[in-house]
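Visitor: I am new to this structure and would like to learn how to read some of its features. Could you take me through them slowly?

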Amino acid sequence: MTTYRLQVNGKQHAVDTDPDTPLLYVLRNELALNGAKFGCGLGQCGSCTVIMDGKPAMSCLVPVSAVGARAVRTVEGLGDARTPGVLQQAFIDEQAAQCGYCIAGMIMQATALLEKTPAPTDAQIRAHMSPNLCRCGTHMRILRAVRRAADRLAAGGKR
Ligand code: FES
Ligand code: FES
């Protein structure tokens, strides 16, 4: 066991765990941040997506020992049921969730896009979201939700 100091959603945490423990397990089991989900554990579905230093990362593939000083953000850092962030609200408005299992990863993937490319084309949205899979098949609603959030931000909406 080693102690790792992690910055998650702007807060510092100390976690005692083995170096090869996936960041996903640390978030869920040690920090009670259960938004990111275990889907495949192989980097093939995106349900575990978080943001590390502004880039989307599949947290099932990141050993905790590789996180270092990089800032980690999860869906819990975007808002909550009372005060959802713009992407969370857009996903609600488009009823993009069916079972919901993929949605936290989808929202974090989309967050990384809109922070880097605030006015994406539909093709850019589609390409950026392509690593994330939805078993329920709500991809078209998910794409519409990302479009809605981008348009809302372009109109001066708050993140
Ligand atoms: S659980 Fe990480 S990519 Fe599927
Ligand atoms: S809403 Fe069920 S997996 Fe996407």
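Visitor: What is the handedness of the crossing of H2 and H3?

Guide: Please keep in mind that this is a predicted model. As a general idea, two packed helices are described by the angle between their axes and the distance between the axes. Here the axes of helix H2, residues 86-93, and helix H3, residues 103-116, come within 10 Å and cross at roughly 125°, which makes H2 oblique to H3. As for the handedness you asked about, the crossing of H2 and H3 is right-handed.

Visitor: Which residues of H2 and H3 make the contact?

Guide: On the side of H2 the contact is made by Leu87, Gln88 and Phe91, while H3 contributes Ile103, Met106, Ile107, Ala110, Thr111 and Leu114.

Visitor: Is Ile107 buried or exposed?

Guide: Ile107, which lies in helix H3, counts as buried because its relative accessibility is 4%, and the cut-off for that word is under 20%. Not counting residues up to four places away in sequence, Ile107 touches Val75, Leu78, Leu87, Gln88 and Phe91.

Visitor: What is Thr111 in contact with, leaving aside its neighbours within four places in sequence?

Guide: Thr111, also placed in helix H3, is in contact with Ile51, Arg73, Leu78 and Leu87 once those neighbours are left aside. Thr111 is buried, with a relative accessible area of 5%.

Visitor: Which residues of helix H1 are buried, and what do they pack against?

Guide: In helix H1, residues 23-30, the buried residues are Leu23, Leu24, Val26 and Leu27. These buried residues pack against four strands, namely S1 (2-8), S2 (11-17), S3 (49-52) and S5 (71-73). After H1 comes Ala32, whose phi is positive, near 55°.

Visitor: How many disulfides does the count come to?

Guide: In general, a disulfide is a covalent bond between the sulfur atoms of two cysteines. For this model the count comes to zero disulfides, taking a pair of cysteine sulfur atoms within 2.5 Å as the rule. As for burial, Cys45 counts as buried at 15% relative accessibility, and Cys60 counts as buried at 11%.

Note on methods
Residues numbered from 1 in each chain as written. Chains lettered and ligands numbered in written order. Predicted model: local features only at pLDDT ≥ 70, side-chain atom pairs only at ≥ 80, totals over all residues. Heavy atoms only, no water. Axes fitted to C-alpha atoms, helices over the stretch in contact; angles between N-to-C directions. Helix = DSSP H or I, 4+ residues; strand = E, 2+ residues; numbered from the N terminus. Parallel < 35°, antiparallel > 145°, perpendicular 65-115°, else oblique. Left-handed = near helix turned anticlockwise from the far one by under 90°. Contact = heavy atoms within 4.5 Å. Buried < 20%, exposed > 50% of the residue type's maximum accessible area, 1.4 Å probe, protein only.
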